[in-house]
Amino acid sequence: MFKKVFILMTGLILLIFLSSCSNSDKQDFYGTYTFEKVSYLSPLSSSTIDYMNERMAGSKYTIEADLFKIEYTDKTVEINSPNYVKEEIQNDLSPLDDVKYQYTIYSKDGDKTNWRLYASSASMYIASYVDNTADGSEIIMSVFKLSK
């Protein structure tokens, strides 16, 4: 009897261990999100925060290993096989105080997409930025807080 219980318990522990290992390549931020609110809007934008909150309401964001997709009310942005590159957070570029991780999104060909994810322990944000300035610096145009 003891031998059967021991084998059963060992098998159960091994099964739990192996199932947790199989998700080791899955990023914590993968999932489907919806727009919650504008967290930052560049002073260079011709829009207001109120307008953007209204315009973006209902937008859906799919962030997965094989797909990055934004579904707006009037258009869709889709990047197949994106590469999420974890980078050091540059405090002078981030308009958010509580972020722990920053991921720049590249196309499968290695081109910048001008989208970036910011993740904190409690929230997910998506930023759009431009990097074609005269001095080669980046300007964050908007940051939206997302909800699961």
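Student: Happy to start! How many helices and strands does the secondary structure of the chain come to?

Tutor: It comes to two helices and nine strands. Helices here are DSSP runs of H or I with at least four residues, strands are runs of E with at least two, and both are numbered from the N terminus. Along the sequence the pattern reads α-β-α-β-β-β-β-β-β-β-β. Before we go on: this is a predicted model, where local features need pLDDT of at least 70 and side-chain atom pairs count only at pLDDT 80 or more, while totals for chains, interfaces and linings use all residues. Residues are numbered from 1 along each chain as its sequence is written, and side-chain values use heavy atoms, with hydrogens and water left out.

Student: Why is Ile79 called buried?

Tutor: Buried means under 20% relative accessible area, exposed means over 50%, and partly exposed lies in between (1.4 Å probe, protein chains only). Ile79 has a relative accessible area of 11%, so it counts as buried. You will find Ile79 in strand β4, residues 76-80. Across the chain, 35% of the 148 residues count as buried.

Student: Which residues is Ile79 in contact with, leaving aside its neighbours within four places in sequence?

Tutor: Contact means heavy atoms within 4.5 Å. By that rule Ile79 is in contact with Asp66, Leu67, Phe68, Ser107, Thr113 and Trp115. Take Asp66: Ile79 and Asp66 are 13 residues apart in sequence, and their C-alpha atoms are 8.5 Å apart in space.

Student: What makes Arg55 and Asp74 a salt bridge?

Tutor: A salt bridge is a side-chain nitrogen of Lys or Arg within 4 Å of a carboxyl oxygen of Asp or Glu. The side chains of Arg55 and Asp74 meet at 4.0 Å, N to O, and the pair is counted as a salt bridge. This pair links distant parts of the chain, with Arg55 in helix α2 (residues 49-56) and Asp74 in the loop between β3 (67-71) and β4, 19 residues apart. The count for the chain comes to seven salt bridges.

Student: Are the two partners, Arg55 and Asp74, exposed or partly exposed?

Tutor: Arg55 is partly exposed because its relative accessible area is 30%. Asp74 is at 56%, so it counts as exposed.

Student: Which residues do salt bridges that share partners join into one network?

Tutor: Let's build up to that through Glu138. Glu138 forms a salt bridge with Lys112, with the closest N and O atoms 3.3 Å apart. Glu138 also meets Arg116 in a salt bridge, at 3.0 Å, N to O. Arg116 sits in strand β7 and Glu138 in the loop between β8 and β9, 22 residues apart. Salt bridges that share partners join Lys112, Arg116, Asp131 and Glu138 into one network.

Student: How do you know that Arg116 counts as buried?

Tutor: Its relative accessibility is 3%, so Arg116 counts as buried. Glu138 is at 19%, so Glu138 counts as buried too. Lys112, at 37%, is therefore partly exposed.

Student: And what makes Ser59 count as buried?

Tutor: Ser59 has 0% relative accessibility, so it counts as buried. Its place is in the loop between α2 and β2 (60-64). Not counting residues up to four places away in sequence, Ser59 touches Tyr33, Thr34, Phe35, Glu71 and Tyr72.
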